[in-house]
Amino acid sequence: MAEFVYPPVIGAARTLFKTMDLKFDVAGTEHIPRRGGAVLVSNHIGYLDFVFCGLAARPAKRLVRFMAKESVFRHKVSGPLMRAMKHIPVDRTQGTHAYKHALSALRSGEIIGVFPEATISESFTLKNFKSGAARLAQEAGVPLLPMALWGTQRLWTKGHKRQLGRHHFPITIRVGEPVAADPADQAEKITDRLRARVQDLLEAAQRAYPVRPRDAEDTWWIPAHLGGTAPAPGGGA
C-alpha cells in the first residue's frame, strides 16, 4: 500500500534538522533488515526519540511503526498524522488491543518501534525494561533490534524547555546486532539480555559524544554518575 504521509513527514523532519544544523553520528544501521518484521527497541530520553529512531531505519529503506500513548492520537494535530503513518496507539488500561495490533503488523513484515522503559528517563540512564517487546518478538518469530540515542535530551525532554533553534547539537545513534527471541526462553531473560545490549550501546554513544559541558549550568543533560546534575535514577516519572 502506498505511503502518502510518512515519507513527507520524514522529509520535513530532515529539513528541520538541517535548519537546526544537527550533527549526526550514526553507526550500525546495517543491522536493520531490509525486509521482514523486527522489533526496534531504544532507550527513551527525549520527546523526539521516535523521529531519530525512524531516521536510523532510512538507510535500509524501512518505515518504523511506533507504539505510542493513546493520548497522542487524540491530539488534533498529531493524531491524524500518527494514524496516517500507521503508528499504534497504546491504552495502558487496555493493552491487549495494542499488542494484537503490533503482532499483526510484525507478522505482515513491519518493523515495530518500542520504548520498553515506557516513559522518558529523567536521569538519562536506563530504567527497567518491560517484557512486552520480547514477548512480541517471540510470538511473531522476529528479531529484536537494540538501539541507543544520546544528545536528543538536549533538544526537548521532560522538565526542560525546547531547544529547537540553531544550536548545532550533536546527535549520536548506535544500532546493535539483533538479539534473538527464542520462544523457548523466558521473556524476562530475553529482556535482561536486551537491556544489557542497549546499555552497552548507550555507553558507546556517550563515549563518542563530542561535546562536554560549557559551564556548571550546562550539566543538566548529563547523568549524575558521569558528573552531571541530572536527577539520580529513580527520581524520574
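Biologist: Which residues of α6 are buried?

Modeller: A133, A134, L136, A137, Q138 and A140 are the buried residues of α6. Keep in mind that this is a predicted model.

Biologist: What covers the buried residues of α6?

Modeller: The cover includes strands β2, β3, β5 and β6. It also includes the helices α5 (95–107) and α7.

Biologist: And just after α6, what is the phi of G141?

Modeller: G141 takes a positive phi there, about 70 degrees.

Biologist: Which residues have a positive phi although they are not glycine?

Modeller: K61 is one of them, with a phi of about 60 degrees. H168 is another, with about 65 degrees. For context, most residues other than glycine have a negative phi.

Biologist: Where is K61 found, and is K61 buried or exposed?

Modeller: K61 is found in the loop between α2 and β3. Its relative accessibility is 68%, so K61 counts as exposed.

Biologist: Where is H168, and what does H168 count as in accessibility?

Modeller: H168 is in the loop between β6 and β7. At 39% relative accessibility, H168 counts as partly exposed.

Biologist: Now the sheet. In what order do the strands come?

Modeller: The order is β1-β7-β6-β2-β5-β3-β4. That is seven strands in an open sheet, and the pairing is mixed. β1 (23–27) and β4 (88–90) are the edge strands, each pairing on one side only. On average, neighbouring strands are turned by 20 degrees against each other, direction ignored.

Biologist: How many bridges pair β1 with β7?

Modeller: Five bridges, in the parallel sense, with β7 spanning residues 170–175. K23 has P170 in β7 as its bridge partner.

Biologist: Which strands does α6 touch when it packs on the sheet?

Modeller: Helix α6 (residues 132–140) touches β2 (38–42), β3 (64–69), β5 (111–114) and β6 (144–150). The direction of α6 makes about 165 degrees with that of β2.

Biologist: Which strands does α7 touch?

Modeller: Helix α7 (residues 187–208) touches β1, β2, β6 and β7. Its direction makes about 35 degrees with that of β6.

Biologist: How many bridges does β5 make with β2, and how many with β3?

Modeller: β2 and β5 pair over four bridges, in the parallel sense. V39 stands opposite I112 in β5. β3 and β5 also run parallel, joined by three bridges. There, V64 stands opposite I111.

Biologist: Switching to rings. How many aromatic pairs does the structure hold?

Modeller: Eight. One of them is F17 with F52, which is stacked: 4.9 Å centre to centre, 15 degrees between the planes.

Biologist: Which parts does the F17 and F52 pair tie together?

Modeller: F17 lies in helix α1 (residues 6–19) and F52 in helix α2 (residues 49–56), so the pair ties together parts 35 residues apart in sequence. F17 is buried, with a relative accessible area of 4%. F52 is buried too, at 0% relative accessibility.

Biologist: Why is the pair of F124 and W220 edge-to-face?

Modeller: The planes of F124 and W220 stand at 65 degrees, so the pair is edge-to-face, with ring centres 6.2 Å apart. F124 sits in the loop between β5 and α6, and W220 in the segment after α7, 96 residues apart. F124 is buried, at 2% relative accessible area.

Biologist: Which rings do ring pairs link into a cluster?

Modeller: F17, F24 and F52.

Biologist: Which rings have a charged end over them?

Modeller: W221 has the charged end of R154 over its ring, 4.5 Å from the centre. W156 has that of R162, 5.0 Å from the ring centre.

Biologist: Last one. At what angle do α1 and α2 pack?

Modeller: About 105 degrees, with the axes 11 Å apart. α1 and α2 are therefore roughly perpendicular to each other. I10, A13, R14 and F17 of α1 make the contact with V51, F52 and L55 of α2.

Note on methods:
Residues are numbered from 1 along each chain as its sequence is written. This is a predicted model: local features need pLDDT of at least 70, side-chain atom pairs count only at pLDDT 80 or more; totals for chains, interfaces and linings use all residues. Side-chain values use heavy atoms; hydrogens and water are left out. Two strands pair if DSSP finds at least two bridges between them. Helices (H or I, at least four residues) and strands (E, at least two) are DSSP runs, numbered from the N terminus. Axes are lines fitted to C-alpha atoms, for helices over the stretch in contact, and angles run from 0 to 180 degrees between N-to-C directions. Contact means heavy atoms within 4.5 Å. Rings of Phe, Tyr and Trp (its six-membered ring) pair if their centres lie within 6.5 Å; planes under 30 degrees apart count as stacked, over 60 as edge-to-face and the rest as tilted. Buried means under 20% relative accessible area, exposed over 50%, partly exposed in between (1.4 Å probe, protein chains only). A charge sits over a ring if NZ of Lys or CZ of Arg is within 6 Å of the ring centre and within 35 degrees of the ring normal. Angles under 35 degrees count as roughly parallel, over 145 as roughly antiparallel, 65 to 115 as roughly perpendicular and the rest as oblique.
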